[in-house]
Amino acid sequence: MPDKKRYTAGHEWILVEQDQAKIGITEYTQGSLGEISYIRFPPVGSIIEQGDTIAILESLKSATEVSSPMSGTVVGINDVLSENPALINRDPEGLGWIIRMKLRDVTEFEQLFDDKNYQKKFRKNNE
C-alpha cells in the first residue's frame, strides 16, 4: 500500500500504518464546524464497521458525527483531545487525529479517495 492516506466523501481521513490506522477529519470539515468544544469517543475495544459513527464532535454551531472509513477495532483514542478538543481545529490532519483502530479488512482501503481524487471531487462540489 504505497499511498497510505485516503479520504471519504464525508471528509474523514485515514492514515494506515501496517495493520493499524489513525482516523480524523479534514481541514474542510473542521472549518465548517467552528471551534470544537467537546468530543465523544467510542470505548476502546469497540468493533466498528465501515461507515459507523466513531465520534461526535460538538461545537457552538452543531454536533457532528464522524464516520469510520474502514472496519476494525478501536485500540486507542487521542486523549489529548479530551483536555484540548480545539486541537482538531488547529491541526485536523495531524495532531488532531481522533482514534486509532486495528483494521479488519484492508481491501476497504481501495474504496476510498486518494489525495488527487479527493481534491478533484472537493473542487468539483464547491464550484
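What pattern does the chain follow when it is read along the sequence?

## Overall fold

In this predicted model, the chain read along its sequence follows the pattern β-β-β-α-β-β-β-β-β-α-α-β-α, and its secondary structure comes to four helices and nine strands. The radius of gyration is 14 Å, close to the 14 Å that the globule rule gives for 127 residues, so the chain is as compact as a globular protein of that length. Along its principal axes, the C-alpha trace spans about 40 × 35 × 20 Å.

## Burial, surface and contacts across the sequence

Of the 127 residues in the chain, 43% are buried, a class that here takes in residues under 20% relative accessible area. The chain exposes about 6900 Å², and carbon and sulfur atoms supply 50% of that area.

Contacts can also be sorted by how far apart the two residues lie in sequence. Among the contacts between residues at least 6 apart, 63% join residues that are at least 24 apart.

## The three-stranded sheet

Three strands form an open sheet in the order β4-β6-β7, and their pairing is antiparallel. Strands β4 (36-40) and β7 (63-67) stand at the edges, where each has a single partner strand, so one side of each is left without a neighbour in the sheet. From one strand to the next, the twist averages 25°. As a general point, strands of a sheet pair through backbone hydrogen bonds, in either a parallel or an antiparallel manner.

The pairing of β4 with β6 can be followed down to individual residues. Strand β6 covers residues 53-59 and runs antiparallel to β4, to which four bridges join it. Within this pairing, I36 stands opposite S59 in β6.

Which residues is A21 in contact with, once its neighbours within four places in sequence are left aside? They are I14, L15 and V16, together with I99, R100, M101 and L103. One of these contacts, R100, lies 79 residues from A21 along the chain, yet the C-alpha atoms of A21 and R100 are separated by 5.5 Å.

Methods. Residues are numbered from 1 along each chain as its sequence is written. This is a predicted model: local features need pLDDT of at least 70, side-chain atom pairs count only at pLDDT 80 or more; totals for chains, interfaces and linings use all residues. Side-chain values use heavy atoms; hydrogens and water are left out. Two strands pair if DSSP finds at least two bridges between them. Helices (H or I, at least four residues) and strands (E, at least two) are DSSP runs, numbered from the N terminus. Axes are lines fitted to C-alpha atoms, for helices over the stretch in contact, and angles run from 0 to 180 degrees between N-to-C directions. The radius of gyration is taken over C-alpha atoms; the globule rule is 2.2 Å times the number of residues to the power 0.38. Buried means under 20% relative accessible area, exposed over 50%, partly exposed in between (1.4 Å probe, protein chains only). Contact means heavy atoms within 4.5 Å. Accessible areas come from the Shrake-Rupley method with a 1.4 Å probe; for residues, only the protein chains shown count as cover.
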